[in-house]
Amino acid sequence: MIRAISPEPFWNRPCAAAGLTSYRYGNGPYGFVMIGAKDDQDALREASRSVSGNIYPNRLERWNGEKYLAVWN
C-alpha cells in the first residue's frame, strides 16, 4: 500500500480524535504541543501536563476548520 504524503506539515493539520477540537500550544523553540480537547480551558489543562513551567494562554491556538487561529490575543 502506498500512502500519499501530505504537503502540510503535521503541526499545521488537525489531530484531535472524533468529538474533540484540535488545539496546538506554541512551546517556544521546541515547536508545538498538539492537543485534542473539549474546550479552551480543557486545552490549557492539557498543555500544562505537557509543558514544564508556566502556561501562557496567548500561545494557545484552535483549529477553525481551515487553519489554526489564536484563542486569546
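Strands E1 (residues 21-26) and E2 (residues 32-37) are joined by 6 bridges and run antiparallel. Strands here are DSSP runs of E with at least two residues, helices are runs of H or I with at least four residues, and both are numbered from the N terminus. Two strands count as paired if DSSP finds at least two bridges between them. The model is predicted, so local features require pLDDT of at least 70 and side-chain atom pairs pLDDT 80 or more, whereas totals for chains, interfaces and linings use all residues. Residues are numbered from 1 along each chain as its sequence is written, and side-chain values use heavy atoms, with hydrogens and water left out.

Together, 4 strands form an open sheet with antiparallel pairing, in the order E2-E1-E3-E4. The edge strands are E2 and E4 (68-70), each of which pairs on one side only. On average, neighbouring strands of the sheet are turned by 30 degrees against each other, direction ignored. Axes are lines fitted to C-alpha atoms, for helices over the stretch in contact, and angles between N-to-C directions run from 0 to 180 degrees. Helix H1 (residues 40-50) lies across E1, E2 and E3 and runs at about 135 degrees to E2.

Strand E1 is mostly covered, with 5 of its 6 residues buried. Buried denotes under 20% relative accessible area, exposed over 50%, and partly exposed the range in between (1.4 Å probe, protein chains only). Ser 22, located in E1, is buried with a relative accessible area of 5%. The side chain of Ser 22 reaches the backbone nitrogen of Cys 15 at 2.9 Å. This is a polar contact, defined as a pair of N or O atoms within 3.5 Å; within protein, one must be able to donate a hydrogen and the other to accept it, and residues adjacent in sequence count only if both atoms are side-chain atoms. Leaving out residues up to four places away in sequence, Ser 22 touches several residues, including Pro 14, Ile 35, Trp 63 and Tyr 68. Contact requires heavy atoms within 4.5 Å.

In helix H1, Ala 43 is buried at 0% relative accessible area. With the same exclusion of residues up to four places away in sequence, Ala 43 touches Tyr 23, Ile 35, Ala 37 and Leu 60.

The structure holds 1 aromatic pair. The ring centres of Trp 63 and Tyr 68 are 5.1 Å apart and the planes stand at 65 degrees, so the pair is edge-to-face. Rings of Phe, Tyr and Trp (its six-membered ring) pair if their centres lie within 6.5 Å; planes under 30 degrees apart count as stacked, over 60 as edge-to-face and the rest as tilted. Trp 63 and Tyr 68 are both buried. Separately, Arg 24 lies over the face of Phe 32, at 4.0 Å from the ring centre; the criterion is NZ of Lys or CZ of Arg within 6 Å of the ring centre and within 35 degrees of the ring normal.

Glu 66, in the loop between E3 and E4, counts as exposed at 68% relative accessibility.
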